[in-house]
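Colleague: I am new to this protein and would like to go through it with you step by step. Could we look at it together and begin with the charges?

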Amino acid sequence: MRAVVQRVSRSSVLVDGQVIGAIGLGINLLLGIEANDTEADMRYIIDKTVHLRIFEDEAGKMNRSLLDVDGELLVVSQFTLYGDCRKGRRPSFMRSGPVAAAKEKYEQFAALVQEAGVRKVAFGEFQAEMQVLIQNDGPVTLLLDSQKTF
């Protein structure tokens, strides 16, 4: 499982011009699901995301987590995180999970993340054409991989 973690002032996701999820201060999480992902992968990404110390303390140092600042979380599925661009000019998505299995895993991830103690969790719509508006704060952007390949 892969994720792009972005510290945001606010973020929202629209489908067909309608806002379906929005947050204020917190984290925008773009989530890529691989065919072999397990609940352990999900829990790793969730734990890292909510405990990463990427919010500033009184001294201006990144020393507080999403939970520490009572921040919000927007989760958006993004299969392109497993796009392989090493060969040719068209990305290969062979490592992305099959749609039905990936949707099931996304829904499982959604249920698990709601148990993580985050004040507000909002979601994009799986497999929908979405517009994601991200006001990156900092900017702070980090990459997570449950297999720790980077």
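Colleague: How many positive and negative side chains does the protein have, and how far apart do the centres of the two sets lie?

Modeller: Please keep in mind throughout that this is a predicted model. The protein carries 18 positive side chains and 20 negative ones.

Colleague: What share of the contacts with a separation of 6 or more comes from residues 24 or more positions apart?

Modeller: As background, buried residues make up 44% of the 150 residues, while the protein exposes about 8500 Å², of which carbon and sulfur atoms supply 49%. Among the contacts with a separation of 6 or more, the share that comes from residues 24 or more positions apart is 73%.

Colleague: Is Gly26 buried or exposed, and at what relative accessibility?

Modeller: Gly26 has its place in strand β3, which covers residues 26-32. Not counting residues up to four places away in sequence, Gly26 touches several others, including Val8, Phe55 and Leu66. Since buried means under 20% relative accessible area, Gly26 counts as buried, with a relative accessibility of 0%.

Colleague: Which strand holds Ser12, and is Ser12 buried or exposed?

Modeller: The strand that holds Ser12 is β1, made up of residues 2-15. Leaving aside residues up to four places away in sequence, Ser12 touches, among others, Val19, Leu74 and Val132. At a relative accessibility of 13%, Ser12 falls in the class called buried.

Colleague: How many aromatic pairs does a search of the whole structure find, and what is the geometry of Tyr106 and Phe123?

Modeller: The search of the whole structure finds three aromatic pairs. In the one formed by Tyr106 and Phe123, the rings are 6.5 Å apart from centre to centre, with 85 degrees between the planes. This pair links distant parts of the chain, with Tyr106 in helix α2 (residues 99-113) and Phe123 in strand β7 (residues 120-123), 17 residues apart. Because planes over 60 degrees apart count as edge-to-face, the geometry of Tyr106 and Phe123 is edge-to-face.

Colleague: What kind of pair do Tyr106 and Phe126 make, and which residues form one aromatic cluster?

Modeller: Tyr106 is buried, at a relative accessible area of 6%, and Phe123 is buried too, at 17%. The ring centres of Tyr106 and Phe126 are 5.7 Å apart and their planes stand at 40 degrees, so this pair is tilted. Here again distant parts of the chain are linked, as Phe126 lies in the loop between β7 and β8, 20 residues from Tyr106. The residues that form one aromatic cluster are Tyr106, Phe123 and Phe126.

Conventions: Residues are numbered from 1 along each chain as its sequence is written. This is a predicted model: local features need pLDDT of at least 70, side-chain atom pairs count only at pLDDT 80 or more; totals for chains, interfaces and linings use all residues. Side-chain values use heavy atoms; hydrogens and water are left out. Rings of Phe, Tyr and Trp (its six-membered ring) pair if their centres lie within 6.5 Å; planes under 30 degrees apart count as stacked, over 60 as edge-to-face and the rest as tilted. Helices (H or I, at least four residues) and strands (E, at least two) are DSSP runs, numbered from the N terminus. Buried means under 20% relative accessible area, exposed over 50%, partly exposed in between (1.4 Å probe, protein chains only). Contact means heavy atoms within 4.5 Å. Accessible areas come from the Shrake-Rupley method with a 1.4 Å probe; for residues, only the protein chains shown count as cover. Lys and Arg count as positive and Asp and Glu as negative; His and the chain ends are not counted. The place of a charge is taken as NZ of Lys, CZ of Arg, CG of Asp or CD of Glu.
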